[in-house]
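Grab a pencil and have a go at these exercises. Try each task yourself before you read the solution under it.

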Amino acid sequence: MIEKIITIEDIPLLDFLGAENRNIRSLTEAFPKSRIISRGNEILLRGEEPEILLISAIIQSLQDHYHQYGRVTEENVKGYIAQERPDDLPDDSADGIILYGTKGAPIKPKTVNQQKLVQSVKENDLVFALGPAGTGKTFISVALAVRALKNKMVKRIIITRPAVEAGENLGFLPGDLKEKIDPYLRPIYDALNDMVPHEKLKFYMERDIIEIAPLAYMRGRTLNNAFILLDEAQNTTPMQMKMFLTRMGPESKMIVTGDTSQIDLPSKQSSGLKEAVRILNRVTGIGFVELSARDVVRHRLVRDIIDAYGSHG
């Protein structure tokens, strides 16, 4: 049993503790074996050392959050608790939350079709998510993969995409192969940074618990007990797509995302994504979810741009 006092400095107590001490109450409910008492600008912690250290880390994160964003909500508190204790978040959250991000904000479907994607992944081991840019198909897929890893449903996450140029030439980029490939994988890194704390993400990647690699690196492998995501799948060839789909091993889930309106393959080369959807659409155990401009969650103009190009084309 240890005791620790944390002093809250340069933060209005009402803003930090919440109305009627709701923020502290959320902490108390999450850690019933420990005593958490607020006295003025001090918070007294008493309990077993591992749990007290965990509570201290959460309170420090909340202070950092306030200094960065100017407020701390009850939702933020629950987010940081879930970040440290992922088992607190069930596989089917009642309010649709997939997980809490690194800033304490909940990550959940924002549209009907995004919710369909979540449900389809629950019901099928292989899901194709098709739709234009900005519909959240990649972001939601990465969130589902991170939740599966945190909840120990899989042992690793494998994310891949084809390195196909959209008008640029990969060979003219500076650096070695990894430095040439990384710009193509940047959207994946961005999504992961929103969901996994930096040091933990570094730990996962150094040990290949989270692996991000070009599609060519998948050849010859069997991917067991993994959550596998193929992004930008419209830029695969039919041979590449067949190779990727047949990598799937026992206890694995796979999501294939793509936008068939943005194919960057040479004009005479057919898209492996289009062919796979046509060939596999009657196979039991494979889900297909189509997102549209109505699901765009970027700037409001993105939806109008997609509609305009659709009308023109």
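Predicted model: local features only at pLDDT ≥ 70, side-chain atom pairs only at ≥ 80, totals over all residues.

How many salt bridges does the count come to? Residues are numbered from 1 along each chain as its sequence is written, and side-chain values use heavy atoms, with hydrogens and water left out.

**Exercise 1. Count the salt bridges, then work through some of them.**

Step 1. Start with the rule: a salt bridge is a side-chain nitrogen of Lys or Arg within 4 Å of a carboxyl oxygen of Asp or Glu. With that rule, the count comes to six.

Step 2. Take arginine 46 and glutamate 3, whose side chains form a salt bridge at 2.9 Å, N to O. Arginine 46 sits in strand S3 (residues 42-47) and glutamate 3 in strand S1 (residues 2-7), so the pair links distant parts of the chain, 43 residues apart. Helices (H or I, at least four residues) and strands (E, at least two) are DSSP runs, numbered from the N terminus.

Step 3. Check how covered these two are. Buried means under 20% relative accessible area, exposed means over 50%, and partly exposed is in between (1.4 Å probe, protein chains only). Arginine 46 is partly exposed because its relative accessible area is 29%, and glutamate 3 is partly exposed too, at 49%.

Step 4. Now look at aspartate 231 and arginine 161, which form a salt bridge with their closest N and O atoms 3.4 Å apart. Aspartate 231 is in the loop between S9 and H9 and arginine 161 is in strand S7, so the pair ties together parts that are 70 residues apart in sequence. Both aspartate 231 and arginine 161 are buried.

Step 5. Glutamate 232 is partly exposed, because its relative accessible area is 27%. Its phi is near 55°, a positive value in a residue other than glycine.

**Exercise 2. Work out what the side chain of lysine 253 reaches.**

Step 1. Find lysine 253 in strand S10 (residues 253-258). Lysine 253 counts as buried because its relative accessibility is 17%.

Step 2. Look for polar contacts (pairs of N or O atoms within 3.5 Å; within protein, one must be able to donate a hydrogen and the other to accept it, and residues adjacent in sequence count only if both atoms are side-chain atoms). The side chain of lysine 253 reaches the backbone oxygen of valine 121 at 2.6 Å and the backbone oxygen of asparagine 124 at 2.8 Å.

Step 3. Compare sequence with space. Lysine 253 and asparagine 124 are 129 residues apart in sequence, yet their C-alpha atoms are 7.9 Å apart.

**Exercise 3. Describe the largest nonpolar core.**

Step 1. A nonpolar core is a set of buried Ala, Val, Leu, Ile, Met, Phe, Trp, Tyr and Cys residues joined through side-chain atoms within 4.5 Å. The largest one has 36 residues, and those with the most contacts inside it are Leu192 and Met195.

Step 2. Which helix gives the largest share of this core? That's H6, with eight residues.

Step 3. Zoom in on methionine 195: not counting residues up to four places away in sequence, it touches Leu99, Phe139, Val142 and Val146, among others.

Step 4. Here's the general idea: in soluble globular proteins, nonpolar side chains tend to be buried together.

Conventions
Contact = heavy atoms within 4.5 Å.
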